[in-house]
Amino acid sequence: MFLNRLLKQFQLRVIIDLFMPVFPLMYLNVVIDQNLEPGIRVTVAMGTDRCLETDSLRKVVPSSTPREEGSYWGYKVRYAPNISSVFKDCPFEGGYDHKLGTSEHGVVVSSSELIIPTFRHLLIAFGGLAGLEECIEEDVNLKGKDARDVFDKYLNICPHQGSRTIRTEEAIFISLQYFQEPISRAVAGN
């Protein structure tokens, strides 16, 4: 029943072709318009006929389709061999409009007071165990630069963290909450 409601609510789905179900409640047989190798992740337009009992042919669409249609489809993560390549190999023409770095050594600004200018492509960077400072120090293209010179804003989003480090997966959720209000204001035109 729950899955049926989910299928009726969204016109697009992310589907991975598997040999066997990973989680039985989420295992669906969907007929698509092309053959795939097992393990391939695709975005599928479910169409208006959401009844899965029929063998209605579903269409594989570009993964960018949900975003282009105005849906939130999660954040993107990509691998970069060093911090300068994050900027240099930016997938967006013209690069990032605004770059935010997060670190326990950053400036403390409350979320309600943070001003982010209107942007098209925003980057939020997280460092490893030794932080963004070490990433910058180890990058031959940025040697000698200070993190405050590399990012438009270098922020401590969790000033009273109570531990030496915050795991990246925790920092992402903390940051998404911290940046929610400033980003909403920026998108609305400040």
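Biologist: Among contacts in the protein between residues at least 6 apart in sequence, what percentage join residues at least 24 apart?

Modeller: The share is 64%, where a contact means heavy atoms within 4.5 Å. Please note that this is a predicted model, in which local features need pLDDT of at least 70 and side-chain atom pairs count only at pLDDT 80 or more, while totals for chains, interfaces and linings use all residues. Residues are numbered from 1 along each chain as its sequence is written, and side-chain values use heavy atoms, with hydrogens and water left out.

Biologist: How many helices and strands does the protein have, and in what pattern do they follow one another?

Modeller: There are 6 helices and 7 strands, in the order α-β-β-β-β-α-α-β-β-α-α-β-α along the sequence. Both are DSSP runs numbered from the N terminus: helices are H or I with at least four residues, strands E with at least two.

Biologist: Why is phenylalanine 151 called buried?

Modeller: Its relative accessibility is 3%, and buried means under 20% relative accessible area, exposed over 50% and partly exposed in between (1.4 Å probe, protein chains only). Phenylalanine 151 therefore counts as buried. Tyrosine 154 is buried as well, and buried residues make up 30% of the 190 residues in the protein.

Biologist: Why does phenylalanine 173 count as exposed?

Modeller: Phenylalanine 173 lies in helix α6 (residues 168-187). Its relative accessibility is 59%, so this residue counts as exposed. With Tyr72, Tyr75, Val77 and Leu176, Phe173 forms a nonpolar surface patch of about 630 Å² of accessible area together. Such areas come from the Shrake-Rupley method with a 1.4 Å probe, and for residues only the protein chains shown count as cover. Patch members have over 30% relative accessible area and no salt bridge; like charges are joined within 9 Å, nonpolar side chains (Val, Leu, Ile, Met, Phe, Trp, Tyr) within 5 Å.

Biologist: What makes phenylalanine 87 and phenylalanine 151 an aromatic pair, and of which kind?

Modeller: Rings of Phe, Tyr and Trp (its six-membered ring) pair if their centres lie within 6.5 Å; planes under 30 degrees apart are stacked, over 60 edge-to-face and the rest tilted. Here the centres are 5.9 Å apart with 70° between the planes, which is an edge-to-face pair. The two residues are 64 apart in the chain: phenylalanine 87 is in helix α3 (residues 83-88), phenylalanine 151 in the loop between α5 (147-150) and β7 (153-155). Phenylalanine 151 also pairs with tyrosine 154, at 6.0 Å and 20°, and that pair is stacked.

Biologist: How do you know that the charged end of lysine 99 sits over the ring of phenylalanine 87?

Modeller: The rule asks for NZ of Lys or CZ of Arg within 6 Å of the ring centre and within 35 degrees of the ring normal. The charged end of lysine 99 is 5.7 Å from the centre and is listed as sitting over the ring.

Biologist: What makes arginine 185 and glutamate 181 a salt bridge?

Modeller: A salt bridge is a side-chain nitrogen of Lys or Arg within 4 Å of a carboxyl oxygen of Asp or Glu. The N to O distance is 2.8 Å, and the side chains meet in a salt bridge. Being 4 residues apart in helix α6, the two are separated by about one helical turn. Arginine 185 is partly exposed at 23%, as is glutamate 181 at 40%. The count by this rule comes to 4 salt bridges.
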